[in-house]
Structure formats: C-alpha cells, structure tokens
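Hi,

Here is the structure I promised to pass on. Have a look at it first, and then read my notes below.

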Amino acid sequence: MWFFYTLIPCLLIDGVAILPAPQNLSVQSTNMKHLLTWSPVMVPGEIIYYFVEYQGEYESLYMSHVWIPSSWCSPTKGPECDITDDITATVPYNLRVRATQGSETSAWSTLKPPFNRNSTILTPPGMDVTKDGFHLVIKLEDLGSQFEFLVAYWRREPGAKEHVKVVRSRGIPVHLETMEPGAAYCVKVQTFVKAIGRHSPFSQAECVKVQGETLPLALALFGFVGFMLILVVVPFSIWKMGRLLRHSCCPVVVLPDTLKITNSPQKLISCRREEVEACATAMLSSEEPFRTWI
C-alpha cells in the first residue's frame, strides 16, 4: 500500500505523465520579508521550473477565487520564491506551487495553513552609536518604509531617566542628545510596524563615553591667551604704526646748538636792553672830542 501511494504522483492522467508535486511548503518571514520555500522535484538530467500563485482575501471573496501568478516566480528555477511584493495586506493568503518540465506538469501543492504577514518575526535593527564631539548620534539599519524605530537612551548612572525618541529616518545619522563631559550614555532600539501593530524586542544596549573636561579646559586656556595677546598686540601695533606715519610725514627738525635758546625770553630781552644802553653810552663818549675840535 505504501508503494502504491508513492507512485500516485507519477501515474498517467488522461494519457499524460505528470511530475511529482513540490512538497513541504513553508514561509520564512522576518521583518516583513516573506520567502516561500519547498522541497525540489528531482528528475535526473532535467531542469525543473516552478510556478507560484497566490490568492488573497479580496481574490477569494470578490474575484471568484481567482489565483494570481507571483510577481517574481512564474516561472523560477530554484525551490524558493520571494513573495514580499505579493503580500500587500494583513489578511490570510493562500499560496500554491507546481513543477513543470517540458510538456509535463505536476499537480498544485498548496500551503497549509494560509500565510498572514502578521506572523512575521520582528528583530531589532542594526545600529551604530557614535559621538560627534559632545553629541550622541545613532545610525539605524534601513529595513524598509513600513518600519519606525523607538530609540531609548539614558545617562549611565543610578536612577537615570530613560528618554524615548521615535526615529523614521533610515540609514541617516540622527542626533539624540548633547552629552555632558566625562559621562557615559547608553542606547537601545526596537522596531515598530504599524501595518501589523507589533513591536520587536529591544536590542542590546550600546554605550559610549565622552571625554572629560581636560581638552575643553585646554582649549579655553588657549583661547583666553590668544584673546589677551590680541588685546595687547593690536593696540601696540596701531600705536607703533601711528608713530611711524607721523615721523614719515612730519619729521622732527633738529636745530644746531648755536641756534638753540638756552635762556628764557624775558632774560634775553633784558640782556639785549643792557647791551643797547652800553652801546649808546660808548657812542656818545666817542662823539664829544669831535665836537670840541670843531
């Protein structure tokens, strides 16, 4: 009896031999990426092609149970099919596969039970936590447009308050907080998919520590010294330049010693009067003999 059932897939139907139908259908779904897999049909020396079709709730209820060929797997050579683009709603989907080789075609194998994307396994995204100066920065893995990320971060100390930020930017560095010198900060993240209303677990926390105040104090000291040098050097340079310009445009004339006035003007005036009076007396004395002779 067991041997008879193993030969059923290879029996003649209407005079045409059929291939064995694919077996062991299953869907592996992680982070809204859905992969349908099955056991390959083995025919020595032949290439087997597979056709995949799906049927959602709409096709089942409103389109007379029509089956739609998969976007990427009709046909396909490998025993797997990425059905992510075919699963567009959070409803049960029927999936089926059949094998073909030349004119031979297998029966359809249908996935049991139907697949619903709300059963996908959600995992935390990859993240890169860095510091940019005193800024805490995180960069998250791009998982697709359906994902939001809840980022929790806190200062690593007893009783520290945990902050939560919703991040929608994917693959772009995001600033979380300005860190205090010498403190360590930790970050963890989880994914959220609104279409299915589910969260992933939180990732393991990653921590970074910013340097202490040694470097900022040194920079402040250098800045203060530079500022003081500017306050001293700039006015001195201006004063020096002014003196150079003044001596260039209006040079100081040095008088010979013979032309220098060493006494006060009043003394000079009085000296000149005495000299004049002495000279006048001498002139009068020299004129008196001349008058007598005449």
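Where is Pro-75 placed? Pro-75 sits in the loop between strand 6 (68-69) and strand 7 (80-82).

Before I go on, some ground rules. This is a predicted model, where local features need pLDDT of at least 70 and side-chain atom pairs count only at pLDDT 80 or more, while totals for chains, interfaces and linings use all residues. Residues are numbered from 1 along each chain as its sequence is written, and side-chain values use heavy atoms, with hydrogens and water left out.

Backbone first. The peptide bond from Ser-74 to Pro-75 is cis, with omega near 5 degrees. Another cis bond runs from Lys-112 to Pro-113, with omega near -5 degrees. Pro-113 belongs to the loop between strand 10 and strand 11.

Asn-116 has a relative accessible area of 17%, so it is buried. Here buried means under 20% relative accessible area, exposed over 50%, and partly exposed in between, using a 1.4 Å probe and protein chains only. Leaving aside residues up to four places away in sequence, Asn-116 touches Thr-90, Val-91 and Pro-92 (contact is heavy atoms within 4.5 Å).

Then there are positive phi values. Asn-24, a residue other than glycine, has phi near 60 degrees; Met-32, also not a glycine, has phi near 65 degrees. Asn-24 is in strand 3 (residues 23-30), and Met-32 is in the loop between strand 3 and strand 4 (33-39). As background to both backbone items, most residues other than glycine have a negative phi, and most peptide bonds are trans.

On to the rings. I get three aromatic pairs, where rings of Phe, Tyr and Trp (its six-membered ring) pair if their centres lie within 6.5 Å; planes under 30 degrees apart count as stacked, over 60 as edge-to-face and the rest as tilted. One of the pairs is Tyr-58 with Tyr-62: the ring centres are 5.4 Å apart and the planes are at 40 degrees, so this pair is tilted. Both tyrosines lie in helix 2 (residues 57-62), four residues apart, about one turn of the helix, and both are exposed.

Arg-96 has its charged end over the ring of Trp-67, 4.2 Å from the centre, and also over the ring of Trp-108, 4.1 Å from the centre. The rule there is NZ of Lys or CZ of Arg within 6 Å of the ring centre and within 35 degrees of the ring normal.

Three strands form an open sheet in the order 11-12-15, with antiparallel pairing (two strands pair if DSSP finds at least two bridges between them). Strand 11 and strand 15 (174-178) are its edges, each pairing on one side only. On average, neighbouring strands of this sheet are turned by 25 degrees against each other, direction ignored; axes are lines fitted to C-alpha atoms, for helices over the stretch in contact, and angles run from 0 to 180 degrees between N-to-C directions. Strand 12 (residues 135-140) and strand 15 run antiparallel and are joined by four bridges. His-135 stands opposite Thr-178 of strand 15.

Cheers

Methods: Helix = DSSP H or I, 4+ residues; strand = E, 2+ residues; numbered from the N terminus.
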